[in-house]
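These are my notebook entries on one protein model. I set down what I looked up, in the order in which I looked.

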Amino acid sequence: MGENNETYKYHDHKDKLLKRLRRMEGQVRGVHRMVEEDRYCVEILYQLAAIKAATNKIGLELIEDHTRGCVARAVKEKEDNGDSHIHELMEVFRAFSK
C-alpha cells in the first residue's frame, strides 16, 4: 500500500487541494470566532455545513485519485488482484458513510 517514495495521483492537482484545505482552515477559524462572539446558532450551523461539504468534496476527489491511481495500478500489476487495495478503499467508504 502507501509507501513514501511513491507519487500519488493527487499530486497532479496538489496545489488545488492545498488551496481548498487552506480555505477550510479559514472557515474553521471563522466558526471559532463566531462561537467566541456568541453568534446566532443557525449562522454557525450553516458554516459547519459548508465545512462538512468542503471536506466531503476533497475526500471524494482523493477517493477518485486513489481508485484511478493506487487501486488501478495494483489490479493492473496483479498485486493480489488488487484485493488489499479494494479492501482498503471499502474501509475508507465506510468511514465516509458514518
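**Entry 1: confidence.** I began with pLDDT, which is the predictor's confidence in each residue, from 0 to 100. The mean pLDDT of the protein is 90, and 94% of its residues reach 70 or more. The model is predicted, so I noted its limits: local features need pLDDT of at least 70, side-chain atom pairs count only at pLDDT 80 or more, and totals for chains, interfaces and linings use all residues. Residues are numbered from 1 along each chain as its sequence is written, and side-chain values use heavy atoms, with hydrogens and water left out.

I then looked up the elements; helices (H or I, at least four residues) and strands (E, at least two) are DSSP runs, numbered from the N terminus. Helix α1 (residues 14-36) has the highest mean pLDDT among the elements, 96, and α3 has the lowest, 91.

**Entry 2: salt bridges.** I counted a salt bridge where a side-chain nitrogen of Lys or Arg is within 4 Å of a carboxyl oxygen of Asp or Glu. The structure holds six of them. For accessibility I used these classes: buried is under 20% relative accessible area, exposed is over 50%, and partly exposed is in between (1.4 Å probe, protein chains only).

Lys9 pairs with Asp12, their closest N and O atoms being 3.9 Å apart. Lys9 is partly exposed at 34%, whereas Asp12 is exposed at 62%.

In helix α2 (residues 41-76), I found Arg68 and Glu64 four residues apart, about one turn of the helix. Their side chains meet in a salt bridge of 2.8 Å, N to O. Arg68 is exposed at 55% relative accessibility, and Glu64 is partly exposed at 41%. Elsewhere, salt bridges that share partners join Glu37, Arg39 and Glu43 into one network. Glu43 is partly exposed at 33%, as is Arg39 at 39%.

**Entry 3: backbone in the loops.** Most residues other than glycine have a negative phi. Asp38, in the loop between α1 and α2, has phi near 55 degrees, and its relative accessible area of 69% makes Asp38 exposed. Asn81, in the loop between α2 and α3, has phi of about 60 degrees and is exposed at 53%.

Entry 4: I looked up Thr55, which lies in helix α2 and is partly exposed at 36%. The C-alpha atoms of Thr55 and Met24 are separated by 7.9 Å, although the two are 31 residues apart along the chain.

**Entry 5: surface patches.** Patches are made of residues with over 30% relative accessible area and no salt bridge; like charges are joined within 9 Å, and nonpolar side chains (Val, Leu, Ile, Met, Phe, Trp, Tyr) within 5 Å. Accessible areas come from the Shrake-Rupley method with a 1.4 Å probe, and for residues only the protein chains shown count as cover.

Val75, Ile86, Met90 and Phe93 form a nonpolar patch with about 310 Å² of accessible area together. Its largest share, three residues, comes from helix α3 (residues 83-96). Met90 lies in that helix and is partly exposed at 36%.

For charge, Lys and Arg count as positive and Asp and Glu as negative, with His and the chain ends not counted; the place of a charge is NZ of Lys, CZ of Arg, CG of Asp or CD of Glu. Glu77, Glu79, Asp80 and Asp83 form a negative surface patch. Asp83 lies in helix α3 and is partly exposed at 48%.
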